[in-house]
Amino acid sequence: MQLYLDTANLNEIREAASWGILSGVTTNPTLIAREQGVDFKATISEIATLVDGPISAETIALDAEGMLREGLEYAAWHPNVIIKVPSTTEGLKAVYQLAKKGIRTNVTLCFNAAQALMAARAGAFVVSPFVGRVDDTGVDGIQLIREIATIYKQDAAISTKILSASIRHPRHIVDSALAGADIATCPFKVLQQAMRHPLTDRGIEQFIADWKARA
Ligand code: E4P
């Protein structure tokens, strides 16, 4: 399973990229807005210089025509830009049209496996089930990944990847991989947490103490 960073913060992207683990980046309007005052195009273009992999840029329009217009604009910024559209029937229309033009899409805000199947049929490059937000409703978000993985495996014609999104903690990363996700997009904080373990810290302390005390 590949790891993407779910942020528009350039410092976080620079740092995680230096760890050698990043295969892509996802952004959304909330994450862009969090980086107060930044220009959308400039931010996406800068991310493309930091990470050599798919970078999701989300459309704002609610109708297919608008999504298509925005999608064509974003796709011209860099060949790695992936057009993110919502899991709606208008989103499907936009995916279908963009796919015909060879432009890759990320169907986001996916909350059930039927949406994921339809996104794949329309020609989505990736689908983004929101694991954490499903968990918030009292339903098992990882089960959604499992269902989509099973459905996609049944049809060799489906090449859409499963991008596990709305990741809240390191266990979500592990469970997404075990459930069959191709990618997990994670907040920077979760990637940091995933590498931390008290026994690792204790082991390092012990090694250093023993090294210093050697005869
Ligand atoms: C996915 O691409 C989204 O940006 C993201 O994972 C949303 O997650 P949230 O529930 O933490 O906002």
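A: In this predicted model, the ligand sits in the largest pocket. That pocket has a volume of about 450 Å³. Its lining is made up of 25 residues, and D6, N28, L31, R34 and P187 are those that lie nearest the centre of the pocket. Two helices may be named in this lining: α2, which spans residues 29–34, and α10, which spans 188–194, each supply at least two of its residues.

Around the ligand stand D6, T26, N28, K84, F130, R133, A165, S166 and R168. This shell divides into two nonpolar, three polar and four charged residues. D6 and N28 belong to the shell, and both are also listed among the residues nearest the centre of the pocket.

N28 places a polar side-chain atom 2.7 Å from an oxygen atom of the ligand. In the side chain of R133, an N or O atom is likewise 2.7 Å from a ligand oxygen atom. For R168, the distance between a polar side-chain atom and an oxygen atom of the ligand is 3.3 Å. As for the ligand's surface, the ligand taken alone exposes 350 Å², and the protein buries 85% of that area.

Conventions
Residues are numbered from 1 along each chain as its sequence is written. This is a predicted model: local features need pLDDT of at least 70, side-chain atom pairs count only at pLDDT 80 or more; totals for chains, interfaces and linings use all residues. Side-chain values use heavy atoms; hydrogens and water are left out. On a 1 Å grid over the protein atoms alone, a cavity is a set of points where a 1.4 Å probe fits but cannot get out, and a pocket is an open set with protein on both sides within 12 Å along at least five of seven lines; lining residues have an atom within 4 Å of a point. Grid points are joined across faces, edges and corners, and a volume is the space filled by probe spheres set on the points. Helices (H or I, at least four residues) and strands (E, at least two) are DSSP runs, numbered from the N terminus. A residue is near a molecule or strand if one of its heavy atoms lies within 4 Å of it. A polar contact is a pair of N or O atoms within 3.5 Å; within protein, one must be able to donate a hydrogen and the other to accept it, and residues adjacent in sequence count only if both atoms are side-chain atoms. Accessible areas come from the Shrake-Rupley method with a 1.4 Å probe; for residues, only the protein chains shown count as cover. A molecule sits in a cavity or pocket if more than half of its atoms lie within 2 Å of its grid points. Ala, Val, Leu, Ile, Met, Phe, Trp, Tyr, Cys and Pro count as nonpolar, Asp, Glu, Lys and Arg as charged, and the others, Gly among them, as polar.
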